[in-house]
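Welcome to this guided tour. Please open the structure in your viewer and keep the selection tool at hand.

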Amino acid sequence: MYGKTICTIVFFVFLIASYSIYMGTVDPTPYFTQLQSLPRGISSSSSSPCNSTAAQPLRVFMYDLPRKFNIAMMDPHSSDVEPITAKNLPPWPQTSGIKRQHSVEYWLMASLLLNGGEKEAVRVFDPESADAFYVPFFSSLSFNTHGKNMTDPDTEFDRLLQVELMEYLENSNYWQRSGGRDHVIPMTHPNAFRFLRQQVNASILIVADFGRYPKEMARLDKDVVSPYVHVVESFREDGDDDSTPDPFEARSTLLYFRGNTVRKAEGRIRLKLEKLLAGNSDVHYEKSVATTQNIKVSTEGMRSSKFCLHPAGDTPSSCRLFDAIRMNNCFDASRADHQDALRALWSATYPEKKLEALISDQWKDMGWQGKDPSTDFRGGGFISLENLLFFAKTFPTSFQRLLKKQGGKRAAWEYPFAVAGVNITFMIMQMLDLEASKPRTFVRSVFLQMLSENEWAFDLLYCVAFAVMDKQWLDRNATYMEFNDVLRCTRAQLERELMMDDVFRIEDMPSFSLLS
């Protein structure tokens, strides 16, 4: 039980840390502090749970590995004479190019080194007092540094580092005590730690996706999916000036791709795409490699295109996709209609309180991670904002009850209302398999029939899901660390009710009665 609790705590701390990186933050200070702002203003009491004396920060012991395991790959002249500190930690090199996409391992280490202030995770130097153990081996940078490909003889040095690291850990009393279950190991590159992965099966892995891992080794119930670190700069268009043309319509290219045209299966898919798209004047499809200059060119090309093409890379995900989202968000903070929707959400939520600005600390009161809610819509897109707005206007009593966490016995660490709403939208989209071209499940078929009769079926289902989630939360006396478990139970209940013989509309679902 103790080990499971540790894994869950570490999961959320590192997940939120990764969200900070995903949003493009370059200051390592907040990477372990996002939980501090999540519950603020949404608990049933007037004070933040994070300010409660009962809430103790997660204590993380970071192994003091020789520098060849981490920063010596960035600075070969780095010496082991002095311990690594926030002052002598070298900055991430600006000329690293595409290597930056897998630099989560560096930023997590930097955050732990930068102890100070109120943090939800703090570095401790006594391993006996630690809740979790961070292993600062830059496994992704090691693969990228020691050899240019899988067959390069220089990859032997990467293998020897992994062998030496495992010998080091297996001789540690703290590794032996838990079998590595409370140890956190970053390996976001699909080929990171490739020689000895099976020896860290039990540990908490920081990965970009599960494309290269068997499920007995890496899975969601113990590991953390950390989005790629952006290799492009953030881009915002000015949508406040009425004389400015619509940012979307002003982009000159319809579809853009610039990258390697030979990846998996000898590039058959990308070659076919090239042939299909040839001859279209508003399509840009070009072979390129990821150099610093080419990244700049690609950045400008993506910014000037309405859509960006993202064929799968080495794994199901790719940094190109995350970069495009950063520049062409599904929620576009520069679009006037999206801005209006945000303002409408605020007005519906706090009719007596004026919103000072679209980017404001006031948003944290609603349960957003920071002062700019647009950064939180990436998981569910603009539809998640529409869902929240529909909920607030259609069922204001239920909306306010859940927002203010009224009713029932509440945990000290409650779920963040707005972010939970985005997760519910994403959960429903997965449950209904909406990205598939044809129905592949009975649940989706049933829902599509409902949608054909009521265009608001999705929004209504969202409201039911939110109410069910909160009831499940109270029934389980759950805490923030159990949010994913509650969400899974919510999905299972929605699926059961949608498949009932006498349910023909969302309003027929038994849980619809939870709304008022």
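Select R491 and E495: they are four residues apart in helix α17, so about one helical turn separates them. Helices here are DSSP runs of H or I with at least four residues, strands are E runs of at least two, and both are numbered from the N terminus. Now show the side chains: R491 forms a salt bridge with E495, and the closest N and O atoms are 3.2 Å apart. A salt bridge means a side-chain nitrogen of Lys or Arg within 4 Å of a carboxyl oxygen of Asp or Glu. R491 is partly exposed, at 28% relative accessible area, and E495 is partly exposed too, at 25%. For these words, buried is under 20% relative accessible area, exposed is over 50%, and partly exposed lies in between, with a 1.4 Å probe and protein chains only.

A word on what you are viewing: this is a predicted model, in which local features need pLDDT of at least 70 and side-chain atom pairs count only at pLDDT 80 or more, while totals for chains, interfaces and linings use all residues. Residues are numbered from 1 along each chain as its sequence is written, and side-chain values use heavy atoms, leaving out hydrogens and water.

**Two further salt bridges**

The whole structure holds eleven salt bridges. For another one, select D508 and R505, whose side chains meet at 3.2 Å, N to O. D508 is partly exposed, with a relative accessible area of 27%, and R505 is partly exposed at 44%.

Next, go to K364 and D361, where the salt bridge has an N to O distance of 3.5 Å. Which of these counts as buried? K364 does, at 17% relative accessibility, whereas D361 is partly exposed at 47%.

**Into the cores**

Select M366, I428, L461, F466 and I506. In the largest nonpolar core, which has 59 residues, these touch the most other members. Such a core is a set of buried Ala, Val, Leu, Ile, Met, Phe, Trp, Tyr and Cys residues joined through side-chain atoms within 4.5 Å. Colour the elements that give two or more residues to this core: α11 (336–349), α12 (382–394), α13 (396–403), α14 (417–431), α15 (442–453), α16 (457–476) and α17 (483–498). Which of them gives the most? That is α16, with 13 residues.

Now select F61, I84, V135 and I204. They are among the 52 residues of another core, which lies apart from the largest one.

Most residues other than glycine have a negative phi. Select F193, in the loop between β4 (183–186) and β5 (204–207). F193 is not a glycine, yet its phi is positive, at about 55 degrees. Its relative accessible area is 0%, so F193 counts as buried.

Then move to the loop between α13 and α14, where K405 is found. K405, also a residue other than glycine, has a positive phi near 55 degrees. Is K405 buried or exposed? K405 is buried, with a relative accessible area of 2%.

**Zooming out**

Finally, show the whole protein chain. How many helices and strands are there? The chain has 17 helices and nine strands. Of its 516 residues, 54% are buried. Among contacts (heavy atoms within 4.5 Å) with a separation of 6 or more, 68% join residues 24 or more positions apart.
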